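Me: I'd like to learn how to read this model feature by feature. Could you walk me through it?

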Amino acid sequence: MLMALGMFVFETRSVPYQQLQRNSAWRHAAQSRVGARPAYQYLGPGSDTLTLSGTLLPAFTGGRLELDALRQMASQGDAWPLIEGTGRQYGLWVITQVDETASQFHRDGAAGKLDFSLSLERVDDTRLDLLGSLTAESLSRFSGAYA
């Protein structure tokens with residue numbers, strides 16, 4: 001397992017990402033002063049974004065079904081815990097964007113190669129009302145994607 005977002009597991013047979021990029025920001029407010037440089041006040045953490053990208057070869061890895069499962073998670077608008085395969089916990093994250101580029105098409109129109117990018121943004125860990133829930137319907141949807 002590379003990483004898990006809620007109940008969605010990133011692994012070699014689902015969505016093995018090849019690149020992980022994280023951008024963290026901190027907020028500082030500036031106050032202009034006469035005859036001096038502005039004074040700055042630390043306001044706290046800013047946005048924290050994570051982008052997972054890679055290439056899927058549906059004959060060997062996951063494909064459109066797995067990307068559609070991520071789109072469905074994003075459509076719910078819920079936050080999901082993000083946990084690395086090493087056990088490192090990243091907090092609660094929402095899916096903000098899923099990009100997909102299909103190429104190398106077969107005779108039936110199925111793509112032989114899918115390049116993807118998944119954008120996540122960290123949300124406040126204390127807001128448990130944002131946490132996505134696992135229902136019987138969503139469990140069958142996810143387990144069906146890996147059968």
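Me: Which strand gives the most to the lining of the largest pocket?

Reply: Here is the general idea to begin with. Rolling a probe the size of a water molecule over the atoms shows where empty space is left. In this predicted model, β4 gives the most to the lining of the largest pocket, namely four residues. β3 and β4 each supply at least two of the lining residues.

Me: How many residues line the largest pocket, and which lie nearest its centre?

Reply: Eleven residues form the lining, and Pro45, Gly46, Ser47, Asp48 and Arg122 lie nearest the centre. By kind, the lining divides into four nonpolar, three polar and four charged residues. The space in this pocket comes to about 210 Å³.

Me: Happy with that. Now the fold: what pattern does the protein chain follow along the sequence?

Reply: Reading along the sequence gives β-β-β-β-α-β-β-β-α, that is, two helices and seven strands.

Me: And in what order do the seven strands stand in the sheet?

Reply: General idea again: strands of a sheet pair through backbone hydrogen bonds, either parallel or antiparallel. In this case the sheet is open, the pairing is antiparallel, and the order is β2-β1-β5-β6-β7-β4-β3.

Me: Why is one side of β2 and of β3 left without a neighbour in the sheet?

Reply: β2 (8-10) and β3 (19-33) stand at the edges and have a single partner strand each, so one side of each has no neighbour in the sheet. From one strand to the next, the twist averages 30°.

Me: Where does helix α1 pack?

Reply: Helix α1, residues 64-76, packs on the sheet and touches β1 (3-5), β2, β4, β5 (80-84), β6 (89-105) and β7 (111-122). The direction of α1 makes about 140° with that of β6.

Me: Let's take the strand pairs in turn. How many bridges join β3 to β4?

Reply: There are 13 bridges between β3 and β4 (residues 36-56), which run antiparallel. Two pairs to find on screen are Asn23 opposite Thr49 and Trp26 with its bridge partner Pro45. Pro45 is also among the residues nearest the centre of the largest pocket. The two strands form a hairpin with two residues between them, and Gly35 in the turn has a positive phi of about 70°.

Me: Which residue takes a positive phi in the hairpin of β6 and β7?

Reply: That is Gly109, with phi near 95°, in a hairpin that has five residues between the strands. β6 and β7 pair over eleven bridges in the antiparallel sense, and Phe105 stands opposite Ala111 in β7.

Me: Over how many bridges do β5 and β6 pair?

Reply: They pair over four bridges, in the antiparallel sense. Leu82 has Gly91 in β6 as its bridge partner. This hairpin has four residues between the strands, and Gly87 takes a positive phi near 105°.

Me: To finish, what can I say about the protein chain as a whole?

Reply: Buried residues make up 33% of its 147 residues. Of the contacts with a separation of 6 or more, 64% are between residues 24 or more positions apart.

Methods. Residues are numbered from 1 along each chain as its sequence is written. This is a predicted model: local features need pLDDT of at least 70, side-chain atom pairs count only at pLDDT 80 or more; totals for chains, interfaces and linings use all residues. Side-chain values use heavy atoms; hydrogens and water are left out. Two strands pair if DSSP finds at least two bridges between them. Axes are lines fitted to C-alpha atoms, for helices over the stretch in contact, and angles run from 0 to 180 degrees between N-to-C directions. Contact means heavy atoms within 4.5 Å. On a 1 Å grid over the protein atoms alone, a cavity is a set of points where a 1.4 Å probe fits but cannot get out, and a pocket is an open set with protein on both sides within 12 Å along at least five of seven lines; lining residues have an atom within 4 Å of a point. Grid points are joined across faces, edges and corners, and a volume is the space filled by probe spheres set on the points. Ala, Val, Leu, Ile, Met, Phe, Trp, Tyr, Cys and Pro count as nonpolar, Asp, Glu, Lys and Arg as charged, and the others, Gly among them, as polar. Buried means under 20% relative accessible area, exposed over 50%, partly exposed in between (1.4 Å probe, protein chains only).
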